[in-house]
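Take a look at the model before reading on.

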Amino acid sequence: MIVLLTGDDQHAIQEQLNQYKAEIDSQWLTLCYHRFPADQLDRAISVARTRSLTGGKKLVIVENCHLKQWGDTELSTLQQLIQVPEFTILLFVATNVDKRLKIYKHLVKYAKLFEFPLIPPWRTDLIEKAISTQAKKIKLVLSKDAVEYLAEAIGNDMTRAATELRKLYIYGNNGRQLELAEVKELVPCQTQNSLQLASAIRQGESNQVLHLLDDLLSRSEPLMVIVATLLTQFRTWLWVKSAIISGIKKDSELAQLCSISNPNRIYYLRQEVANTSINALAKAVTMVLDLEMSIKRGADSGAVASHRASSKDLLLIILSVSRLFKLT
């Protein structure tokens with residue numbers, strides 16, 4: 001079986017990987033469980049083509065495959081997919097892929113495609129549902145307002161949600177329902193501050209930006225979570241501002257054009273971008289996107305020095321973005 005897992009929801013992808021791993025006999029993991037980086041595709045395919053020595057299933061994972069890094073050589077290697085045995089599970093894992101690529105079109109001829117997009121941070125209804133589902137899986141009982149608070153405090157970071165829910169389960173291990181006050185004591189509200197940070201940047205409030213950013217970093221909020229929230233928010237503002245300037249007046253049309261599932265949100269977005277320069281928004285999106293790529297490269301290196309550099313880059317670029325709006 002060949003599978004392509006794509007999406008930004010790393011928690012959901014990891015859960016899917018764990019399910020496939022659970023299909024392998026634990027006593028044979030050393031022989032039947034293999035992970036390869038994308039630049040070792042030829043080795044991964046070679047291992048996948050070889051039948052398991054145990055006669056059971058074999059799991060081969062190729063990680064970080066955004067596909068753009070592969071060319072004609074890799075396309076030729078993928079011609080061998082037809083030779084992968086039935087009892088081998090060959091997984092390709094990608095954060096995102098360009099579906100227009102020739103190599104993608106070839107891969108999906110043989111692979112089952114599973115997409116795990118991250119829930120948009122403003123879709124609190126879907127975040128609440130996801131948190132409730134995760135809580136039920138571990139038999140954690142939460143009051144309705146506790147779930148609503150967790151959706152606000154954690155946002156769409158399902159990896160953090162899993163960690164916080166396990167912590168709450170240990171706290172309330174007698175199976176009783178946990179109420180809002182208890183949950184607030186144990187789970188700090190962080191993602192909301194990332195959204196507040198985006199608003200402070202858009203308003204050019206440098207002092208508030210520094211305060212919120214310092215608060216987030218002091219609580220070890222992952223840099224990628226902060227940047228992902230900022231990028232999503234600024235992209236949304238840019239889309240809405242562009243649509244308004246182009247003459248779109250109806251909220252329903254704006255919502256559809258900007259891929260906003262809740263048309264009621266348009267009212268607030270209109271107010272937020274009313275006095276905001278579209279040029280500043282466009283520059284902000286570009287700068288935050290560059291920042292995201294820089295942090296990802298640092299994360300790939302795995303070095304402590306790279307993390308410190310990324311933190312410094314985060315501060316400098318966010319202050320630079322804030323100045324864009326202070327000048328408009």
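Q: How many helices and strands does the protein have?
A: Helices (H or I, at least four residues) and strands (E, at least two) are DSSP runs, numbered from the N terminus. Here the secondary structure comes to 16 helices and 5 strands. This is a predicted model, in which local features need pLDDT of at least 70, side-chain atom pairs count only at pLDDT 80 or more, and totals for chains, interfaces and linings use all residues. Residues are numbered from 1 along each chain as its sequence is written, and side-chain values use heavy atoms, with hydrogens and water left out.

Q: What is the average pLDDT, and where does pLDDT stay under 50?
A: pLDDT is the predictor's confidence in each residue, from 0 to 100. The protein averages 85, and 94% of the residues score at least 70. Where pLDDT is low, the predicted coordinates should not be read in detail. In this model, pLDDT stays under 50 over residues 303–307. Contact means heavy atoms within 4.5 Å. Residues 303–307 have 4 contacts beyond four places in sequence.

Q: What share of the contacts joins residues 24 or more positions apart?
A: Take the contacts with a separation of 6 or more: residues 24 or more positions apart account for 75% of them. For overall extent, the C-alpha atoms fill a box of roughly 65 × 55 × 45 Å, taken along the principal axes.

Q: What percentage of the residues count as buried?
A: Buried means under 20% relative accessible area, exposed over 50%, partly exposed in between (1.4 Å probe, protein chains only). Of the 328 residues, 44% count as buried. Helix α7 (residues 144–154) has buried residues Ala146, Val147, Tyr149, Leu150, Ala151, Ala153 and Ile154. Gly155 follows α7, with a positive phi near 70°.

Q: Is His34 buried or exposed, and what does His34 touch?
A: His34 is found in strand β2 (residues 33–37). His34 counts as buried because its relative accessible area is 19%. Leaving out residues up to four places away in sequence, His34 touches Val47, Lys58, Leu59, Val60 and Ile61.

Q: And Lys68: buried or exposed?
A: Lys68 has a relative accessible area of 59%, so this residue is exposed. Its place is in the loop between β3 and α4. Lys68 touches Asp98 and Leu101, not counting residues up to four places away in sequence. Lys68 and Lys21 are 47 residues apart along the chain, and their C-alpha atoms are separated by 27 Å.

Q: Which residues have the most contacts inside the largest nonpolar core?
A: A nonpolar core is a set of buried Ala, Val, Leu, Ile, Met, Phe, Trp, Tyr and Cys residues joined through side-chain atoms within 4.5 Å. The largest one has 38 residues, and Leu197, Ile201, Leu230, Phe234, Leu314, Ile318 and Phe325 have the most contacts inside it. Helices supplying at least two residues each include α10 (191–202), α12 (223–245) and α16 (304–326). α12 gives the most, with 10 residues. Another core lies apart from this one, with 25 residues, among them Ile45, Leu75, Leu78 and Val97.

Q: What is Phe234 in contact with?
A: Set aside its neighbours within four places in sequence. Phe234 is then in contact with Ala198, Ile201, Arg202, Leu281, Ala284, Val285, Val321 and Phe325. Phe234, Trp237 and Phe325 also form one aromatic cluster.

Q: How many aromatic pairs are there?
A: A pair of aromatic rings is described by the distance of the centres and the angle of the planes. Rings of Phe, Tyr and Trp (its six-membered ring) pair if their centres lie within 6.5 Å; planes under 30 degrees apart count as stacked, over 60 as edge-to-face and the rest as tilted. By this rule the count is 4. Trp70 and Phe92 form an edge-to-face pair, 6.2 Å centre to centre with 80° between the planes. The pair links distant parts of the chain, 22 residues apart: Trp70 in the loop between β3 (58–63) and α4 (72–77), Phe92 in strand β4 (residues 88–94). Trp70 is buried at 8% relative accessibility, and Phe92 is buried at 0%.

Q: Which rings have a charge over the face?
A: A charge sits over a ring if NZ of Lys or CZ of Arg is within 6 Å of the ring centre and within 35 degrees of the ring normal. Lys21 lies over the face of Tyr33, at 4.5 Å from the ring centre. Arg202 lies over the face of Trp237, at 4.7 Å from the ring centre.
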